[in-house]
Amino acid sequence: MKEYTLNMLSRAEQVKGQGVLSAYEEELNLIRGRLDTADFKLKVTVNAHTAGDITHIHTLNPEFFLQIPWLKTKGVTVASVHFLPETVEKSLNLPPVCRKVFYDYMIQFYKSVDYLMTVNPAFIPKLGNYGIDTTKVTYIPNYVSGKMFSAVNQQEKQRLRQEYGIDQNKFTVVCAGQLQTRKGVLEYARLAQALPQMQFVWAGDFAFGSMSDGHKEIEQLLKEHTPNLFFTGLVQREKMPQIYQMGDVMLLPSFDELFPMTVLEAMSCGIPILLRDLELYEGILQGYYLKASDNEGFAEQLKALSENPQYYHQALRMSHKGDVFYSEEHVLSMWREFYHHMLTESICRKQMKKTFVQMVQFTGEKR
């Protein structure tokens, strides 16, 4: 059986507690050993020093960017689009000159590879606005393992709440994400203040330190907030299921996202989802979540969920439908189709190159 190589290039582990790392790890766990066919074996390697038949770049490190021309001579190159200039704008507080240089570099990186993949179809026309050929962009959603993220009974919920030092019986709202203004941390805190009968938990830290947007204001919030609001700090991924499992609902008040892993994680843990009413969710989560436009709307939804069992179970069914749609087999089938298409092109390129070299050699001999 012929063996080919899919090499993953990533430095996502350098920044803990961010969705890029979670998405990358989940994909690796999903596809390893599951891309083979009866005709060939597609071996997955990570940060190998040799070029693969397919090279998938997950982070925009300069060391990877410099390798792209060489990698393209050996096979097909793919890059994941985890952010665009407008999303970074709301995440990092960079000096104007640094911002322009980084944004130009980002777009050039995307233009340099053969293909791009994104976890949200709403990003495809946005990439086109930067002069990138949208026909080379493929949409494949994120995925989380149901073995790791799973629902628990009420007794286990209470045990987890006790372990984290919060009230075992209060209606509990949870959220996970980096501490930055784009994520809606300040709005989350104001909501906790407006709803003292509930308790709110936020898991996450400053992934980019003092460069995180709103760092000073959020630092102050960490020191002074209402007693029904709890900040856990950075939670290791193996313990993240516990954050959702002890919650009654997951609220993500973020103002801008790509495809938040936290939503899939919470769905898999069997709790309803409440999100800000953003257009970018419509193509990927429509029918699976509750929504509101502001804190007043969030408060109304949370009150309804906590006071109306029928409404709560309806929201729970919506979340479950989303979990089923983004199932392991469904997402795996999309990755298989994508990588098999990339491999076919890689093999064709090598064959064409070999044929061209043979023709040149033949022409030289005839002379």
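Me: Which residues in α7 are buried?
Reply: This is a predicted model, in which local features need pLDDT of at least 70 and side-chain atom pairs count only at pLDDT 80 or more, while totals for chains, interfaces and linings use all residues. Residues are numbered from 1 along each chain as its sequence is written, and side-chain values use heavy atoms, with hydrogens and water left out. Helix α7 spans residues 185-194 and is mostly covered, with seven of its 10 residues buried; buried means under 20% relative accessible area, exposed over 50% and partly exposed in between, with a 1.4 Å probe and protein chains only. Helices (H or I, at least four residues) and strands (E, at least two) are DSSP runs numbered from the N terminus, and the buried residues in α7 are V185, L186, E187, Y188, A189, L191 and A192.

Me: How many aromatic pairs does the structure hold?
Reply: Rings of Phe, Tyr and Trp (its six-membered ring) pair if their centres lie within 6.5 Å; planes under 30 degrees apart count as stacked, over 60 as edge-to-face and the rest as tilted. By this rule, the number of aromatic pairs in the structure is 16.

Me: What are the centre-to-centre distance and the plane angle for Y188 and F200?
Reply: The pair links distant parts of the chain, 12 residues apart, with Y188 in helix α7 and F200 in strand β8 (residues 199-203). Y188 is buried at a relative accessible area of 1%, and F200 is buried at 0%. The two rings are edge-to-face, at 5.5 Å and 90 degrees.

Me: Where do W335 and Y339 lie?
Reply: These two residues form a stacked aromatic pair, 5.2 Å centre to centre with 15 degrees between the planes. Both are buried. They are four residues apart, about one turn, and both lie in helix α14 (residues 328-366).

Me: Which residue lies over the face of F255?
Reply: A charge sits over a ring if NZ of Lys or CZ of Arg is within 6 Å of the ring centre and within 35 degrees of the ring normal. At 3.9 Å from the ring centre of F255, the residue over its face is R276.
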